[in-house]
Amino acid sequence: MLIAGVAIMLETSVLVGLIVPGDTIVIVSATAVTSVPEALLLGSVVVAGALAGESLGYAIGRWAGPHVRASRLGSWIGERNWVRAEVYLRRRGGIAIFLSRFLPVMHSLVPLTVGMSGYPYRRFIAWTLPACALWTTIYISIAAGAAETYRDLADSAHWAGYVFFGIIALGLVAVLGGKQILHWFEHRHMKD
């Protein structure tokens with residue numbers, strides 16, 4: 001649980017999520033969940049990690065954003081992505097903060113961009129908290145549900161492993177498909 005919380009924190013604060021997606025770590029962690037209290041505890045840790053990371057990303061953007069953007073890391077990310085994040089935030093405001101949690105690359109850049117923009121921190125948290133909670137609920141539900149199904153079938157069905165991987169695969173296809181559809185709808189708001 002601690003690893004999942006820290007991984008999500010790093011994903012949104014220092015752009016680690018562009019290299020190692022936090023989604024994977026949350027999914028792996030959620031397969032160990034065996035009860036509702038464990039799911040709630042893992043969910044709380046992941047949401048807290050996500051909020052800490054988004055807050056740290058916001059703070060980095062507020063105090064060092066232009067330096068990060070001009071650094072080697074900033075050039076690796078690419079000016080095009082920085083501009084897309086700025087345009088998206090300018091056009092969509094708070095909804096961009098909410099939806100960025102579900103968009104590739106934007107989930108790592110938007111907190112920094114919001115911090116650089118002077119957007120009020122309270123409004124930033126008001127938009128990002130429900131997004132983090134929804135994101136966490138989706139991922140934990142899919143992985144914990146798949147693992148529970150496997151545990152229920154493991155003793156009686158030799159094909160239980162296939163069911164487990166099938167549920168994970170279908171869940172990931174649904175999530176990735178949803179992200180792609182969301183990106184398709186939101187892409188027009190990212191163009192300058």
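The residues that line the largest cavity divide into 4 nonpolar, 1 polar and 4 charged. Here Ala, Val, Leu, Ile, Met, Phe, Trp, Tyr, Cys and Pro count as nonpolar, Asp, Glu, Lys and Arg as charged, and the others, Gly among them, as polar. The lining consists of E11, D23, R101, F102, L103, P104, H107, W135 and K179, and the space inside is about 30 Å³. The structure holds 1 cavity of 30 Å³ or more. A cavity is a set of points on a 1 Å grid over the protein atoms alone where a 1.4 Å probe fits but cannot get out; a pocket is an open set with protein on both sides within 12 Å along at least five of seven lines, and lining residues have an atom within 4 Å of a point.

The model is predicted: local features need pLDDT of at least 70 and side-chain atom pairs count only at pLDDT 80 or more, while totals for chains, interfaces and linings use all residues. Residues are numbered from 1 along each chain as its sequence is written, and side-chain values use heavy atoms, with hydrogens and water left out.

The largest pocket contains about 170 Å³ of space. Its lining divides into 6 nonpolar, 5 polar and no charged residues. Helices α3 (36-70) and α8 (121-153) each supply at least two of the lining residues, and α8 gives the most, with 6 residues. Helices are DSSP runs (H or I, at least four residues), numbered from the N terminus.

The count of salt bridges (a side-chain nitrogen of Lys or Arg within 4 Å of a carboxyl oxygen of Asp or Glu) comes to 5. Three of them are listed below.

| Salt bridge | N to O distance |
|---|---|
| E79 and R69 | 2.4 Å |
| E186 and R92 | 3.0 Å |
| R151 and E148 | 3.4 Å |

R151 and E148 both lie in helix α8, 3 residues apart, about one turn of the helix. Salt bridges that share partners join R69, E79 and E86 into one network.

Methods
Points joined across faces, edges and corners; volume = space filled by probe spheres on them.
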